[in-house]
Amino acid sequence: MHLIISKRISKLLFVLATSLMAVHFASAQKVPVTEVTLDNGMKLLMVERHDEPSVSGGWVAHVGSSNERPGITGIAHLFEHMMFKGTETIGTKDYQKDQQIILEQEQVRDEMRKEEEKMRAAYRRGEIDDLMKPENKTPRWQELNKKFNELITQQRDILVKNEFDQVYTEQGGTGMNAFTSQDMTAYFITVPANKLELWMWMESERIRRPVFREFYAERDVVFEERRMRTDSTPLGKFTEEAEAMFWESVPYGWPVVGWPSDIPAISKAQADEFYGIYYAPQNITMILVGDFKTNATIALAKKYFERIPRGKKDAPDVRTLEVSQVAEKRMYAEAETNPQVDINWHTVPFGHKDSYALQVLAQILSTRTGRLYKGLVMGSQVATDTYAAQDSRKWAGLFNAGGEAKDGKTPEEVEAGVYAEIEKLKKEEVPPEELQKVKNDFAASEYRRLSSNMPILMHLIQNEGEGDWREINEAGKKIQAVTAGDVQRVVNKYLTKENRVVGVYTRKGSSQKQEGK
Amino acid sequence: MKSRYNHSHWMSVFAALVMIAGLGIGSCARSQNLTANGTAIPKRPEQLKFPPLTFEAPSPAKFRVPLKNGPVAYVVPDKELPLVNIVIYVHTGSYLVPDGKEGLNELAGYLLARGGTKSKTAEALEERLAFLAAQLNSNIGDNQGSVSLNLLSKDLDEGLGILREVMTEPRFQDNKIALRKQQLLQAMKQRNDESEAIEAREAGFLAQGEKFWANRYPTAASVEGITRGDIEDFHKKWFYPSNFVVAVNGDFDRDTMVQKLENLFANWPFQGEKPSPIPTNTLFAKPGVYLVDKDVNQGRVSILLPGIKRDNPDYFNVLIMNDILGGGGFTSRIMNSVRSDEGLAYSAYSSFPGGVYYPSTFTAGFQSKSRTVAYATSIVINEMKKMTEGPPTDVEMNISKRGYIDRFPRQFATKTQIANIFAQDEFTGRYARDPEFWQKFRARIEAVTKGDVERVARKFVAPDKTVILVVGQKSDITMTLPEHPVALKDISSGPVTELPLRDPLTMKPIAGTEKSAAK
């Protein structure tokens, strides 16, 4: 359920996810991280690794969709897109004129927003059916839109299109991308080892003085991203609904990409305000993995990043805690998909002492030698596939399990099968051999994750973004220390009826023929 | 692998200092940030100076070992982590599957590693692999099969024993065959659920013809009819040592590993057949617009043209041309105009891969809300046309060529990559044809001229032959926009044809899902 929106289509996160599902070991290998805090509060993590002549560099802004509020949902992600639009010197031939045009654009947009308020009122009264339809825009809005487009045309003459990308590409940068989740926004790239200073220059400049040009076209791009990932996929909208239903009070209930009404309504002024709070250096962690010398790199980082003044205010803490769910919630969805069930229980956030036993539990239930597969796929044969995972986020967490029903069986039968396996775990401790098998897998993956710079960087980003990079070296030990009693305790504590939300999916339409229309 | 490079940062700081002194321009110095250590940060990134980075492409000969017992192996020792990674590539594929047995390669490929061995039931094998935290996988695709094993080096001998038994004495256990058939059948049922899947399938039909072997799809009937005997025969026909190429890297000594591989392939219990050549009889559709109606709010578009093989003399020219047109992401023309200028799509690209065995297809594609599908298509077609009407700019040429040259070392970033790139070159015959391909790669990129780019654009991306595939909501897609009154039928010289959806279990067109063409 953890939604990650990346700026570009990238297989990287998939590759990472696959490598995360790997092996484990008794004597885990530590990732040798050097941590430095700069004078402005920015954190810098470094892992020297001389296996290949490159440096993977990234940074985490400790802000995600959970820092938003209704009306500006999607702003953290839109902001991620805007960070590629350039700086005062990158992306334009004439900064002064560029600023002037952006100012004029905002004045037109202010007037357009007044028209949009009227259109929303008309929508609420039922006078128009769809705010996105070109025919439903007011005449005044259309007139202003023309004016706005003229300003865009003027701006294009002085624009250097996607120059930020051009600079990196020309210098051999690869895999430049970014993602936004509920908890973090992260930016990353790999550069040739001799170009570390270019990375310092580019990243410090865009944090220090970004220019949000082409803001409104990028808003449209994000809406297309929403259509691509959410609206036009068989389960996108249902997953969104399930998340909205699951989270009671913690701000995870809205999609990372934003509600459809909010994305086109976010203003540049709101983006500016957001930047001021959440992109202050004390809210950012820089991470470098690869072929460099640590001491020289610290000096270079101080030179480039300490130019950025510490923010006047620290980002506010998210104070709302998830309330306890008191009754089971169920969703019955008819979708273009095979019948399946998806069950979620409220559990614990990242770093919680029970999160390790829950991870072990997930491994006991999932995989081809796990309990769900043996019980439901090979045993009772109610399912063709099953899964289980613990998802520990920054402010709260969940445990997820489910599976696809075999033809002739129902999602409810799969659901009952999952509960039967859980009941067994509540009553009887996991045998030592089974527990060891699962721990071996965690131990071997401690090695597999170290295969090259980018996977190490991504692990550090993930851990630091969720709460603390040190978990990359601490979690392994804690997982090895989990006992059969711990597993039994967390199953009894968290996997209860009143604590769960269940999605039951059946195929829309009664036959394939109707499906085709 | 030899890679020498120098990257002292003190040196680069020093270089920046020299550069500023050399410029000595007041206006420039004024805007620079003088920092504590007295050196300045330049205003623009091209003012930075970088120490040289020398990188020599590793030589395949250094790792190549023709084994006495059949295959060529690429052996790359690497002591960094206590892991070993082995991949065995096999000359086989769906093109060798008899008509009526479609899906046989998928079943045989999956079940080789998942179906047990003579001495171990499937369940016992899975348990043992899981306890060792070893990853054993097998697969047979269109024109290649593979068996791979990744495990801790302490378990290498046991792992090799399992690998040998899996490849020579697989059990293909009945309950695993039944389960895999059921999984394939249920996966088939999802064939019309995602517009992306429909697009990929129909693009294949249009670009290569429905009769082409790669466009044969498993059906409920074909999968149902596959027997254990079929699977066993298919395995024995193609899984024998001289039909393999091996890539191995990780924690071992080279000589020890070579001996272990010799043992792995010694005294193979059966002889297979030599696979026939891969058929190349593709058939490209008539120019026009082809529309599949699907109720989603975003249309998917693929603009197709006949492609090239990768041994085409214009391969490098095409690489740069396509990079500038739409292959280079945010530095490409299609991305700039469709996404950044107009905000019409999240992803917009072109791809022009050289085919290994037969010409692969040129594709330009994007996804846009229904109402802007036609307009965005016209923009992409226009970019293709502009590509043929004049040379690229110096800036474009420089970004593209420098990009390819400077990121070249990334191809060989890990030992797994080194072993597998060379094994693939051996497998596809590139090593035999062009053994210095990687040594010469950067020089060949450097040699591409603006004239070459313009010439290959005219030769390969002239928009008049395009086949345009659209998957999306027909009613909205065929409506024009008030401010951009371009319609689908105006985009191509050919007709607009509506394609039916296919029954997911038989792949036969579903009558009534296509209506008369929109004119």
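1. A term first: a salt bridge here is a side-chain nitrogen of Lys or Arg within 4 Å of a carboxyl oxygen of Asp or Glu. A:Arg393 and A:Asp391 make such a pair, with their closest N and O atoms 3.1 Å apart. Both A:Arg393 and A:Asp391 are buried (buried means under 20% relative accessible area, exposed over 50%, partly exposed in between, with a 1.4 Å probe and protein chains only). Over all chains, the structure holds 94 salt bridges.

2. Some housekeeping before going on. This is a predicted model, in which local features need pLDDT of at least 70 and side-chain atom pairs count only at pLDDT 80 or more, while totals for chains, interfaces and linings use all residues. Residues are numbered from 1 along each chain as its sequence is written, chains are lettered from A and ligands numbered from 1 in the order in which they are written, and side-chain values use heavy atoms, with hydrogens and water left out.

3. Now the interface. In chain B, 94 residues are in contact with 97 residues of chain A, contact meaning heavy atoms within 4.5 Å. The area buried between the two chains is about 8300 Å², and carbon and sulfur atoms give 54% of it; buried area is the accessible area (1.4 Å probe) that two parts lose on being put together, summed over both.

4. Which charged pairs cross from chain B to chain A? The rule finds 16 salt bridges across this interface, and one of them joins B:Glu80 to A:Arg49, with the closest N and O atoms 3.1 Å apart. On the side of chain B that touches chain A, helix α7 (residues 174–188) of chain B gives the largest share, seven residues; helices (H or I, at least four residues) and strands (E, at least two) are DSSP runs, numbered from the N terminus.

5. Another pair to look at is A:Glu218 with B:Arg339, whose closest N and O atoms are 3.0 Å apart in a salt bridge. This pair crosses between chains, from helix α7 (residues 215–231) of chain A to helix α13 of chain B. Both A:Glu218 and B:Arg339 are buried. They also belong to one network of salt bridges that share partners, together with A:Lys85, A:Arg156, A:Lys161, A:Glu214 and B:Asp341.

6. Within chain A, A:Arg470 and A:Glu35 meet in a salt bridge at 2.6 Å, N to O. A:Arg470 lies in the loop between α15 (453–466) and α16 (471–480), and A:Glu35 in strand β2 (residues 34–37), so the pair ties together parts that are 435 residues apart in sequence. A:Arg470 counts as partly exposed at 36% relative accessibility, and A:Glu35 counts as partly exposed at 29%.

7. Helix α14 (residues 373–388) of chain B has 16 residues and should span 22 Å at 1.5 Å a residue; its end C-alpha atoms are 23 Å apart, which agrees. The expected span is 1.5 Å times one less than the number of residues. This helix is mostly covered, with 12 of its 16 residues buried, among them B:Tyr375, B:Glu383 and B:Met387.

8. Finally, a residue in helix α9 (residues 268–278) of chain A: A:Ala271. With 2% relative accessibility, A:Ala271 counts as buried. Not counting residues up to four places away in sequence, A:Ala271 touches A:Ile75, A:Phe79, A:Phe212 and A:Phe215.
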